[in-house]
Amino acid sequence: MKKLNLLFCILLFSLSIFGQGLKSIPGNFYFDIGWSTWQDDKGAELDAQSRSIAVAYMYELSLSTSGQFTFNPGIGYTADNWFFDNGMTVEKNQNSASMVNAGLVNPSANSIIKSKIVGSYLDIPLEFRFRNHPGRRAFRVAVGAKLSVLIDSHTKVKYENSYDDVRVSKDRGDFYMNRFKGGLIGRVGYGWINFFCYYGLTDTFTEGKLYEADGVTQFQGNSKPITVGITLSNF
């Protein structure tokens with residue numbers, strides 16, 4: 001699944017940037033890669049390498065005769081990779097999910113190299129854009145929202161066993177991640193390089209379903225995501 005998703009993103013973006021045949025398609029493709037965190041990860045601390053990758057196609061509807069103002073609805077795909085600190089992972093129980101040491105889930109682990117949970121989403125992005133003049137070489141500002149539905153999720157733990165062999169284990173499930181998520185997004189840039197910020201309005205996990213490592217205390221933080229990064233596009 002991961003390899004297919006990655007291949008899809010690479011092929012789609014490569015075609016959008018370099019493929020001559022896509023010049024006749026209205027609208028544009030974009031590829032986002034950004035650093036992600038939660039508004040407050042206390043109790044489920046995230047590693048600094050947490051990131052989000054997204055690819056989307058957006059159709060352009062002009063709102064002015066000059067073409068400077070546009071409304072851009074679209075469809076896309078996002079993969080949120082949440083890396084946990086201190087060798088922790090998420091384990092699903094009967095009625096909740098808990099933060100646990102990844103070594104307990106993988107008894108053969110001698111040391112934990114890294115651990116993450118991945119959420120894959122189908123997106124509906126909606127953006128209002130302004131550019132100082134029509135064409136690709138223009139200054140651009142965009143504001144809007146992105147609505148998403150969870151289509152796949154899994155945990156992944158990379159560890160070293162007592163024989164110094166590196167192993168990887170995966171566990172697929174919903175882990176009480178929110179089925180739907182939404183957030184606000186803004187972009188600014190010039191030409192095909194832009195910067196973006198995504199501010200989540202919904203929690204990554206269902207409220208009251210994620211527990212801290214003691215299995216008794218509900219997660220006290222705020223799992224609404226914040227992502228900042230770079231957008232590459234064939235604007």
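**Notebook: rings, strands and a cavity**

I started with K146, which lies over the face of Y198, at 5.4 Å from the ring centre. The rule I used for a charge over a ring wants NZ of Lys or CZ of Arg within 6 Å of the ring centre and within 35 degrees of the ring normal. K92 does likewise with Y176, at 4.9 Å from the ring centre.

Ground rules before I go on. This is a predicted model, where local features need pLDDT of at least 70, side-chain atom pairs count only at pLDDT 80 or more, and totals for chains, interfaces and linings use all residues. Residues are numbered from 1 along each chain as its sequence is written, and side-chain values use heavy atoms, with hydrogens and water left out.

**Cavities**

I took a cavity as a set of points, on a 1 Å grid over the protein atoms alone, where a 1.4 Å probe fits but cannot get out; lining residues have an atom within 4 Å of a point. Points are joined across faces, edges and corners, and the volume is the space filled by probe spheres set on them. I got 3 cavities of 30 Å³ or more. The largest cavity comes to about 100 Å³. It has 13 lining residues, and S52, T78, K146, Y198 and T227 are the closest to its centre.

Which elements give two or more residues to that lining? They are β2 (51–58), β4 (69–83), β10 (180–190), β11 (193–200) and β13 (222–233). β2 gives the most, with 3 residues. (Strands are DSSP runs of E, at least two residues, numbered from the N terminus.) The lining splits into 6 nonpolar, 3 polar and 4 charged residues. Here Ala, Val, Leu, Ile, Met, Phe, Trp, Tyr, Cys and Pro count as nonpolar, Asp, Glu, Lys and Arg as charged, and the others, Gly among them, as polar.

**Strands**

I followed β10 next, calling two strands paired if DSSP finds at least two bridges between them. β10 runs antiparallel to β8 (residues 139–161), with 11 bridges, and V141 stands opposite V188 there. On to β11: 8 bridges join it to β10, again antiparallel, and I185 has Y198 as its bridge partner. β10 and β11 make a hairpin with 2 residues between them, and G191 in the turn has a positive phi of about 65°.

I also checked an open sheet of 3 strands, in the order β5-β6-β12, with mixed pairing. β5 (88–92) and β12 (210–211) are at the edges with a single partner strand each, so one side of each has no neighbour in the sheet. β5 pairs with β6 (residues 97–101) in the antiparallel sense over 5 bridges, and E91 stands opposite S98.

**Aromatic pairs**

My search of the whole structure found 7 aromatic pairs. The W38 and F205 ring centres are 6.0 Å apart and the planes are at 85°, so I logged the pair as edge-to-face. (Rings of Phe, Tyr and Trp, its six-membered ring, pair if their centres lie within 6.5 Å; planes under 30 degrees apart are stacked, over 60 edge-to-face, the rest tilted.) W38 is in β1 (residues 28–40) and F205 in the loop between β11 and β12, so the pair ties together parts 167 residues apart in sequence.

Are W38 and F205 buried or exposed? Both are buried, meaning under 20% relative accessible area, with exposed over 50% and partly exposed in between (1.4 Å probe, protein chains only). F71 and F128 form a tilted pair, 4.9 Å centre to centre with 40° between the planes. F71 is partly exposed at 23%, and F128 is partly exposed at 49%.

Notes
Helices (H or I, at least four residues) and strands (E, at least two) are DSSP runs, numbered from the N terminus. On a 1 Å grid over the protein atoms alone, a cavity is a set of points where a 1.4 Å probe fits but cannot get out, and a pocket is an open set with protein on both sides within 12 Å along at least five of seven lines; lining residues have an atom within 4 Å of a point.
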